[in-house]
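Me: I'm new to this one and would like a walk around it. Could you show it to me and take some questions?

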Amino acid sequence: MAQRIATYAEFWPYYLREHADPRTRHVHVLGTVLGVGLFLAGLLTGRWWLVLAGLVSGYLFAWVSHMTIERNRPATFTYPLWSLGSDLRMAGFYLTGRLDVELRRAGVR
């Protein structure tokens, strides 16, 4: 990516194209769901190590999938907040069966 992306509307299709391999999306969603679960469990129980475990697990799954499957650089390093929001958004679309529509709009086959 040569130019910096200026808007989230531009970022979302880029994000989806960076997750073109279905295996990457599966690993991402697994990490996101696990991470959110641990994070919320930590907040609800006051066990701060679970909050930390939630953050680590979410990013660990994502980064490993980028290194081993997509072989690209995670967008987290350049766009941390947009990436976090997009991880949650992609997981929501995935879990509700609406991700295919978004992928087609982004040009992912």
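Below are some questions and answers on this predicted model.

Me: Let's begin with the open spaces. Which helix gives the most to the lining of the largest pocket?

Reply: The largest pocket holds about 200 Å³ of space. Its lining draws at least two residues from each of helix 2 (22-45), helix 3 (48-70) and helix 4 (80-95). With 5 residues, the top contributor to that lining is helix 2.

Me: And how many residues of that lining are charged?

Reply: Among the residues that line the largest pocket are G31, T32, F39, Y59 and D87. Asp counts as charged, while Gly counts as polar. Sorted that way, the lining has 6 nonpolar residues and 5 polar ones, and the number of charged ones is 1.

Me: What about closed spaces? How much space lies in the largest cavity?

Reply: Counting cavities of 30 Å³ or more gives 1. Its lining gets two or more residues from helix 3 and from helix 4. The space inside the largest cavity comes to about 60 Å³.

Me: Which helix gives the most residues to the lining of the largest cavity?

Reply: Y15, H19, H28, W63, H66 and P74 are among the residues lining the largest cavity. By class, that lining has 5 nonpolar, 5 polar and 1 charged residues. The biggest share, 3 residues, comes from helix 3.

Me: On to the outside. How much accessible area does the nonpolar patch have together?

Reply: The patch on the surface is formed by V36, L40, L43, L44, W48, L84 and L88. Helix 2 and helix 4 are the elements that give two or more residues to this patch, and helix 2 gives the most, with 4. Taken together, the accessible area of the patch is about 710 Å².

Me: Is W48 buried or exposed?

Reply: W48 sits in helix 3 and belongs to that nonpolar patch. To count as exposed, a residue needs over 50% relative accessible area. W48 has 57% relative accessibility, so W48 is exposed.

Me: How about charged pairs? How many salt bridges are there?

Reply: Side chains of opposite charge can pair when their charged atoms come close. R23 and D21 meet in a salt bridge, at 2.7 Å from N to O. Another salt bridge joins R105 and E102, also given as 2.7 Å, N to O. The total number of salt bridges is 2.

Me: Is D21 buried or exposed?

Reply: D21 is the partner of R23 in a salt bridge. Buried means under 20% relative accessible area. D21 comes in at 18% relative accessibility, so D21 is buried.

Me: Why are R105 and E102 separated by about one helical turn?

Reply: R105 and E102 meet through their side chains in a salt bridge. R105 is exposed, at 63% relative accessible area, whereas E102 is buried, at 9%. The separation is about one helical turn because R105 and E102 lie in helix 5 (residues 99-106) and are apart by 3 residues.

Me: One last thing: how many Å apart in space are V56 and L103, C-alpha to C-alpha?

Reply: V56 has its place in helix 3. At 46% relative accessibility, V56 counts as partly exposed. V56 and L103 are 47 residues apart in sequence, and from C-alpha to C-alpha in space they are apart by 27 Å.

Definitions and conventions
Residues numbered from 1 in each chain as written. Predicted model: local features only at pLDDT ≥ 70, side-chain atom pairs only at ≥ 80, totals over all residues. Heavy atoms only, no water. 1 Å grid on protein atoms, 1.4 Å probe; cavity = no way out; pocket = protein on both sides within 12 Å on 5 of 7 lines; lining within 4 Å. Points joined across faces, edges and corners; volume = space filled by probe spheres on them. Patch = residues over 30% accessible without salt bridge, like charges linked within 9 Å, V, L, I, M, F, W, Y side chains within 5 Å. Areas by Shrake-Rupley, 256 points an atom, 1.4 Å probe, with all protein chains shown as cover. Salt bridge = Lys/Arg side-chain N within 4 Å of Asp/Glu carboxyl O. Buried < 20%, exposed > 50% of the residue type's maximum accessible area, 1.4 Å probe, protein only.
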